[in-house]
Amino acid sequence: MTGDAGRTGRPALAVVGATGAVGAVMLQMLSQRADVWGEIRLIASPRSAGRKLAVRGEQIEVAALSEEALAGVDVALFDVPDEVAARWAPVAAAQGAVVVDNSGTFRLDADVPLVVPEVNAHAVRRRPRGIVANPHCTTLSVIVALGALHAEFGLRELVISSYQAVSAAGHAGVATLRRQLSLVAGTELGTSPGDLRRAVGDDTGPFPEPVALNVVPWAGTPRADGWSSEEMTVRDETRKILSLPQLPVAVTCVRVPVITAHALTVHARFEGEVTVAGAREILATAPGVVLFDDPEAGEFPTPADVVGTDPTWVGRLRRALDDPTALELFACADNLRKGAALNTVQIAELVAAELR
């Protein structure tokens, strides 16, 4: 054990990318959750160095990312672009830190565990590269519920559609939606092709089409045969987390004009016949899941309900019309909390328990 842990019995923590959207949520969580950490360092790009941010009731100055800033750290949470993680996560690991990385760089590396504590906490213990990967926010928005159902019924096939909030594209995504909404406010749209595009011009930000008052059936970058990178990510990560390397998974990722919280529709087929009553019992008691399912009373999860909360919320639970082995459900989760910051912090807490 290195750094502060040797003096206080509690490991030293670094938050790399502390000034980003997910980093800000991480800092909130470090102040809200059980205090298992000794020294906490905040690290970001050189342009953010010198800023002071509040953590656990104290102001901590942000340091620029460097070998010196990472020296003596026991656990390092990374929320940085892929290319930054690829360069610096191995540096932190070589200096003795366990890296918990929220980028896409290491998620499918065979020597890097991809961990969701409610589903496969045991996987965190085998980390030959000193790195643990945090799944993509879309995967995390539903995998806790799927993991609970799989443990009981045995998953055989998945068909998923995601309705992804713009905050998954960072500050730029949120700013783009807000800017576009201001441009279309009070205008008459929807009467002829091109209305929306003319209203916002070329100001689409990180999205291929206007997202305000619109639904964009694309997230990520192109992959073979018409699939997007985020669709392939959800498939590959689900297979790895559940240890089902051949699981058939079909995903369609859609961007919607919501600031924060992803929603997903799920068609899940299992090894044998399933009942709604049995599935409800499992989900109602599963860690990290809230069953919110009474459509007759207007009760089902929406992004407006779940934003700012930690669990995955599940509703619209029903058996498939023509298949007694399949369930349909609707899930929502805050993509900045369980979808990113919370799961990262939970992984770090598993590591901290080992180090104490």
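**Exercises on a predicted protein model**

The model is predicted: local features need pLDDT of at least 70, side-chain atom pairs count only at pLDDT 80 or more, and totals for chains, interfaces and linings use all residues. Residues are numbered from 1 along each chain as its sequence is written, and side-chain values use heavy atoms, with hydrogens and water left out.

**Exercise 1. The whole protein**

Determine how many helices and strands the protein has, and why its radius of gyration agrees with that of a compact globule.

*Solution.* 
- Step 1: The count is 13 helices and 13 strands, taken as DSSP runs (H or I of at least four residues; E of at least two) numbered from the N terminus.
- Step 2: For 356 residues, a compact globule would have a radius of gyration near 21 Å, and the protein agrees because its own value is 21 Å. The radius is taken over C-alpha atoms, and the globule rule is 2.2 Å times the number of residues to the power 0.38.
- Step 3: The C-alpha trace spans about 60 × 50 × 40 Å along the principal axes.
- Step 4: Buried residues form 52% of the 356.
- Step 5: Among contacts (heavy atoms within 4.5 Å) with a separation of 6 or more, 67% join residues 24 or more positions apart.

**Exercise 2. Helix 13 and Gln346**

Find where helix 13 bends, and state whether Gln346 is buried or exposed.

*Solution.* 
- Step 1: Helix 13 covers residues 337-355 and bends by about 35° at Asn343; this is the angle between axes fitted to the seven residues ending there and the seven starting there.
- Step 2: Gln346 is part of helix 13.
- Step 3: Its relative accessibility is 14%, so Gln346 counts as buried.
- Step 4: Leaving out residues up to four places away in sequence, Gln346 touches Arg33, Pro117, Glu118 and Lys338.

**Exercise 3. Positive phi in two loops**

Locate Arg56 and Ser243, and give the phi value and accessibility of each.

*Solution.* 
- Step 1: Arg56 sits in the loop between strand 3 (52-55) and strand 4 (58-64).
- Step 2: Although Arg56 is not a glycine, its phi is positive, at about 55°.
- Step 3: With a relative accessible area of 26%, Arg56 is partly exposed.
- Step 4: Ser243 belongs to the loop between helix 10 (229-241) and strand 9 (249-255).
- Step 5: Ser243, likewise a residue other than glycine, has a positive phi near 55°.
- Step 6: Ser243 is exposed, at 58% relative accessibility.

Key
Buried < 20%, exposed > 50% of the residue type's maximum accessible area, 1.4 Å probe, protein only.
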